[in-house]
Amino acid sequence: MKKLLIHNQDTVISDNHIFKIEEQFVFQIDDDFSDVDYYITYILDGVLKEFILVSDILFIRLSLSVNYLEYLGIRLAYHIRLTKGLEEKRFIPIVLVGEESYQFLGLTSELSDILFTEGIYLMRDTKEEVERFDKLFTEGRIKSLSSEKNFLEKTRVNAPANYSSHHSISNEWSIIRWAEMGSNISEMLKEDIYKKNTTSKTLYFKYLEAKHFYNNENPRQQFSKNKRESLLIPFIEHAKIYYVDDEAIKGWGKLFVDGIFKNFAEKGTFDYYKGFKKGEKKDLQFKKLTQEVIRLIRDEKYNVFIVDLKLFDEDFLQGAYPSGLELISEIVKVNPGVQIVVFTASKKAENIQKARGFGIDRYVLKESPENVLTRAESKDIFIKFSTAVTDACNYSVLTDVYSEIFSLKKIGLFLNSNDVKEKDFYESTYKKGGLLDRIFDLLKSKDKSLIEFALLTCFSILDKLCLLKYDSTQDFGKVILLNDELFCHFRSNSAVSVSTSIIFQRGNYSYEIIKDGLTNVSATFSNTLQSRSKPQPGSGTGGLIMLLAVLKYRYNTDDTKLNKVMEMKFLRNCLAGHDLGKVDRSAIKVKITDIQFLLSVFKEIADIENIFSISKKSASAK
Amino acid sequence: MKIALIEDRISRLNQFADQEIKKSPILDIISEEKFTILLSKIVSKDYSNLDKYNCLLFHRSALENKERQSLSEYCNVNNKPLVFFSGSISSSNYRDKEFPFLYINSKDFYSENLLTFLKQCEIDDEVNLLILQFGYRWKLNQLLKLRNRLNLNLNTGKISRIRNFELVQSVREDLKNRYNLRWLDQPDLTEVSIENILELKSKLNLLINDSL
């Protein structure tokens, strides 16, 4: 019988005649180990493992520390049963050595369940007892544990305080798993993460892991070197990402900067909040956090926020409203165009619902040990995260759109006008739920087809505004009001021919199926009002001429922009079915930047119109 | 007697430390601004703010590794009992190789044991970390240790002196008074016969059973 005695020098049977030196292991926690479980895991992965792998039976002192009642021998026995690295040897008979009875241990140890499982024995600390067990073993009357499942059903391990919430286990588990999975994560960073996240070394975790193994009938797949994947989110130009999570200090921050968001961090477009401060009240901390986030949106143009929901201890109290949601509501107030990804361990349906209430549909749950067993499942969670972040980055430009709309609203063109048409323009454009709001809502909806409606809405504004300054009621033809004093005339000879100063020729765009006789030439615009051109009949150019003429001669819009407006107007006509030419609908792609362009044209016009209005006021005051 | 409780997680403190604990005349709770000041001093290895305390109860994660080490050195030099409590510590563990030092899970720390510990420190004018670790069962721990020691003496045949039993005063008093073991009054270096050890062990078993 190959036997091994594990003790801390305080036993009768450590005598060399009973157990030879090579049959003894001295259990001695170094000061380096703050946690008993870390020390036990350390020795079971190293030196003690070597001993156990060549043993047939283990004798463990009940007490392995200064304080008897700690019963570290029982704890060690649990670890041995649950440490997979010990292979079949983890099931060999364990004899616990001490003066205490089963009943006594049952009353005084919180881990006493193990005493009543197969393969666990109890003996007094005497030489005779060792000899008795020696004999029993030789006679085959000492059994190993035959069913791990049975062991798990009979035992129970309580969670340490920090792990009593599912949130903390998930957080630690998730980061360890991603660190293991990432082929682009340096060994140094991994070590750092392992040091900060020690869940997997605790008895509680090993117990959970074993239980889930039996419930799922499959072992958890590991990430060996050749199974690893690159965890690198591709860089997206205009996106600036900020991460808010109290767990960032546990390694998430570094994992993001040096790994997952490396492409962004190197260009200064990824950062995370480091201001969670020990010892400070939640209210004060939250205030600082909110102020910082608002500053980052306004001054540093961060437009994508990855937010955890539970940011402070108080969030874990029953019925507490998660600080992350409070923060999101503040972000949305500042700029609803800012894109948010919720990345959390909180899977409460209530929180998911609340996040949806703020329009957040990117909700990524951190990996949790009981749900994820295969490599594919782990990868899938990363892909979900990556997809959500990439999507957020793609829509991050909405932050600028909102800012543009906000600044347009500040101008409030025709707010004080007495003209009925101008007043109507103001009402329909600027009021809550008006055309500007509609443009933002359409873009925000993320429905690709709705972006086309946003383009139509932009032209509703531009057309309406230009029409206000394009008077066709005069007898002599059409008139552009250049300003309040100077009138410019356009002659109209027939229904299909309009005299304009614009030398206009229809261009072809990528979505058009080319018609004979049409060449791909952009329009040129004369600076005088003398030359004439003949618009293509039936191609919806009447409105175009009105728009371009007003832009050109009232607002001095430059030719490059006019060409772009013309292109957009054709696009608009095609979308609205006004253009009679054949178009390939699938090739029509309206981009958010197109909308931004049209808003910028509107902004220019509004600024000029505002100046006209100010100078008119001051003139009348004189 | 003064004990410092240093806690950066205010909500936990408010949640678990009831009014009775907060009102303890020997306890100074160091949190919020006081914590920030103390932390900055500890970082620069200035422990003058801690000198007046007989025992330090520290939230482990409030300090970085470097600061924890130097604080341990300070406690070692001054033989000052130190407790690190943390939510992530799995099982409490007491070490007294150099100075009384206890690692304890925050759930066990913020329990009835803390109040019992404070009250007892106030009465005895002495710090007994075992009370913090095991509460009312702290004596049982001593009794089990003693039984183990007696067993070792009996089975190894080594000469035993009263001193070898490392009896804490209250256990010694219990044994003497309840079981009339007057020989325990003799000087510490007195040799103890096997008969006396056997007698002590049998009385100890009674005391252990009574302690449950």
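Colleague: Let's start with E166(B): at 56% relative accessibility, is this residue buried or exposed?

Modeller: E166(B) counts as exposed, at 56% relative accessibility. The cut-offs are these: buried means under 20% relative accessible area, exposed over 50%, and partly exposed in between, with a 1.4 Å probe and protein chains only. E166(B) sits in the loop between β7 (160–161) and α9 (169–179) of chain B. Helices (H or I, at least four residues) and strands (E, at least two) are DSSP runs, numbered from the N terminus.

Colleague: Before we go on, how should I read the labels and the model?

Modeller: Residues are numbered from 1 along each chain as its sequence is written, while chains are lettered from A and ligands numbered from 1 in the order in which they are written. This is a predicted model, where local features need pLDDT of at least 70, side-chain atom pairs count only at pLDDT 80 or more, and totals for chains, interfaces and linings use all residues; side-chain values use heavy atoms, leaving out hydrogens and water.

Colleague: Thanks! What is the phi of E166(B) near?

Modeller: First the general idea: most residues other than glycine have a negative phi. E166(B) has a positive phi, near 45°, and is not a glycine. F414(A) is also a non-glycine residue with a positive phi, about 70°. F414(A) lies in the loop between α16 and α17 (420–430) of chain A, and at 11% relative accessibility F414(A) counts as buried.

Colleague: Where does N79(B) take its positive phi?

Modeller: Just after α4(B), with a value of about 45°. The expected span is 1.5 Å times one less than the number of residues. For the 14 residues of α4 (residues 65–78) of chain B this gives 20 Å, and the end C-alpha atoms are 20 Å apart, which agrees.

Colleague: Which residues of α4(B) are buried?

Modeller: They are E67(B), R68(B), S70(B), L71(B), S72(B), Y74(B) and C75(B). Elements of chain B that cover them include α3 (32–43), β3 (55–59), β4 (82–86) and β6 (101–105). Covering is judged by contact, which means heavy atoms within 4.5 Å.

Colleague: How do I read a pair of aromatic rings?

Modeller: A pair of aromatic rings is described by the distance of the centres and the angle of the planes. Rings of Phe, Tyr and Trp (its six-membered ring) pair if their centres lie within 6.5 Å; planes under 30 degrees apart count as stacked, over 60 as edge-to-face and the rest as tilted. Over all chains, this structure holds 46 aromatic pairs. In one of them, Y402(A) and F406(A), the ring centres are 6.2 Å apart and the planes lie at 25°, so the pair is stacked. These two residues are four apart in helix α16 (residues 398–411) of chain A, which means about one helical turn between them. F406(A) is partly exposed, with a relative accessible area of 45%. F101(B) and Y103(B) form a tilted pair, at 5.0 Å centre to centre and 40° between the planes; both F101(B) and Y103(B) are buried. Ring pairs also build a cluster in chain A, whose members include W178(A), F235(A), Y243(A) and W252(A).

Colleague: Over which ring does the charged end of K240(A) sit?

Modeller: Over the ring of Y302(A), 4.7 Å from its centre. The rule asks for NZ of Lys or CZ of Arg within 6 Å of the ring centre and within 35 degrees of the ring normal. R147(B) lies over the face of F104(A), at 6.0 Å from the ring centre.

Colleague: Which residues touch the most other members of the largest nonpolar core?

Modeller: In soluble globular proteins, nonpolar side chains tend to be buried together. A nonpolar core is a set of buried Ala, Val, Leu, Ile, Met, Phe, Trp, Tyr and Cys residues joined through side-chain atoms within 4.5 Å. The largest has 99 residues, and L57(B), F117(B) and L175(B) touch the most other members. Helix α3 (residues 72–82) of chain A gives the largest share of this core, seven residues. A second, separate core of 56 residues includes L455(A), Y470(A), L571(A) and F602(A).
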